[in-house]
Amino acid sequence: MFRFARTFRKVSARATLAGLALVALTAPAPAGATPSTAPSAAPSTDPTATLTTRVSGSGRIHYAPRPDDEIRFTVDAVAAPGSRPLPGIPHGLPTDARGTVHFSHRVVETGEVHQADAAVDCLATGGPVATLTAVITKSDAMPVGQRIGLSIYDAPGHGRDRLGFSWGVGNVDVDKDGKPYQPVVGTCMALAPFAPVTSGGFTVHSVELPTPSGP
């Protein structure tokens with residue numbers, strides 16, 4: 001089992017959110033129940049939803065390396081183009097966004113529950129799929145200030161939604177000493193939505209990116 005280098009402290013793969021990446025990359029999946037089919041989230045009743053790119057919902061996922069653990073995500077993200085000016089990018093980006101992410105992980109063997117909150121900073125959509133990133137603001141298992149990436153697939157009809165998270169099965173690089181570590185996640189960067197949602201669901205409302213303002 002490898003150590004996270006630099007900003008990642010060593011953690012137990014069986015007891016923390018950050019440890020999910022360790023389990024996914026180094027441990028075989030224990031036996032567990034096959035996830036059940038869950039309906040997609042109901043359409044939003046927000047009157048502004050037809051005008052703005054938005055992702056919302058809450059659900060439990062089936063994470064194959066830890067099939068018996070209870071892992072839940074709640075997302076409320078909305079596009080806010082140009083709201084985050086940067087040096088050299090005074091008008092911000094068309095994918096700038098705001099909102100919140102909350103997730104929790106209950107470890108079946110110990111009953112421990114680890115949680116985190118994050119502030120959304122980027123949102124991109126294409127049809128029923130969204131990628132978003134958020135920066136950790138509060139957590140008992142992940143560093144405050146760390147950016148995470150999520151992907152969401154809003155299945156049509158009564159299909160099963162899906163969700164992916166950046167520290168689950170990938171986002172690994174190798175340092176100069178040949179040791180693997182998790183690099184920084186860039187804005188809006190996320191894996192494919194690899195984990196089926198087994199209860200609850202998410203709604204993705206996709207709007208074409210606006211034309212960037214300014215010169």
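A search of the whole structure, which is a predicted model, finds 8 aromatic pairs. I shall begin with the pair formed by F73 and F103. Their rings are stacked, with 5.3 Å from centre to centre and 25° between the planes. F73 belongs to strand β2, residues 70-79, and F103 to strand β3, residues 97-106, so this pair ties together parts of the chain that are 30 residues apart in sequence. As for accessibility, F73 is buried, with a relative accessible area of 1%. F103 also counts as buried, at 0% relative accessibility.

F73 has a further partner, W167. Here the ring centres lie 6.3 Å apart and the planes meet at 45°, so the pair is classed as tilted. W167 sits in the loop between β7, residues 162-165, and β8, residues 173-174, whereas F73 is in strand β2; the pair therefore ties together parts that are 94 residues apart in sequence. F73 and W167 are both buried.

Which residues do the ring pairs link into a cluster? They are Y63, F73, F103, F165, W167 and F194.

Let me turn to the strands. Strand β6, residues 147-153, runs antiparallel to β7, and 4 bridges join them. Within this arrangement, I152 stands opposite L163 in β7. Strand β7 also pairs with β10, again in the antiparallel sense, over 2 bridges. There the bridge partner of L163 is A195, in β10. L163 accordingly faces I152 and is also bridged to A195.

The next topic is the cysteines. How many disulfides does a search of the whole structure find? It finds 1, formed by C122 and C188, whose sulfur atoms are 2.0 Å apart. The pair links distant parts of the chain, for C122 lies in strand β4, residues 113-126, while C188 lies in the loop between β9, residues 180-181, and β10, residues 195-205; the two are 66 residues apart. Why is this disulfide described as left-handed? The torsion about the S-S bond of C122 and C188 is about -100°, and the disulfide is left-handed because of that value.

Are these cysteines buried or exposed? C122, at 1% relative accessibility, counts as buried. C188 is buried as well, with a relative accessible area of 9%. One backbone detail deserves mention: phi of C188 is near 65°, a positive value in a residue other than glycine. For context, most residues other than glycine have a negative phi.

I shall close with confidence. The protein has a mean pLDDT of 80, and 75% of its residues reach 70 or more. Where is confidence lowest, and where is it highest? The lowest is in helix α1, residues 19-26, at a mean of 41, and the highest is in β2, at 98. Strand β2 is also the element that holds F73.

Two stretches call for caution. Over residues 1-19, pLDDT stays under 50, and the model has 54 contacts beyond four places in sequence for this stretch. Residues 21-49 likewise have a pLDDT below 50, with 69 contacts in the model beyond near neighbours in sequence. Where pLDDT is low, the predicted coordinates should not be read in detail.

How values were computed: Residues numbered from 1 in each chain as written. Predicted model: local features only at pLDDT ≥ 70, side-chain atom pairs only at ≥ 80, totals over all residues. Heavy atoms only, no water. Disulfide = S-S within 2.5 Å. Buried < 20%, exposed > 50% of the residue type's maximum accessible area, 1.4 Å probe, protein only. Phe/Tyr/Trp six-rings, centres within 6.5 Å; stacked < 30°, edge-to-face > 60°. Pairing = 2+ DSSP bridges. pLDDT = per-residue confidence, 0-100. Contact = heavy atoms within 4.5 Å.
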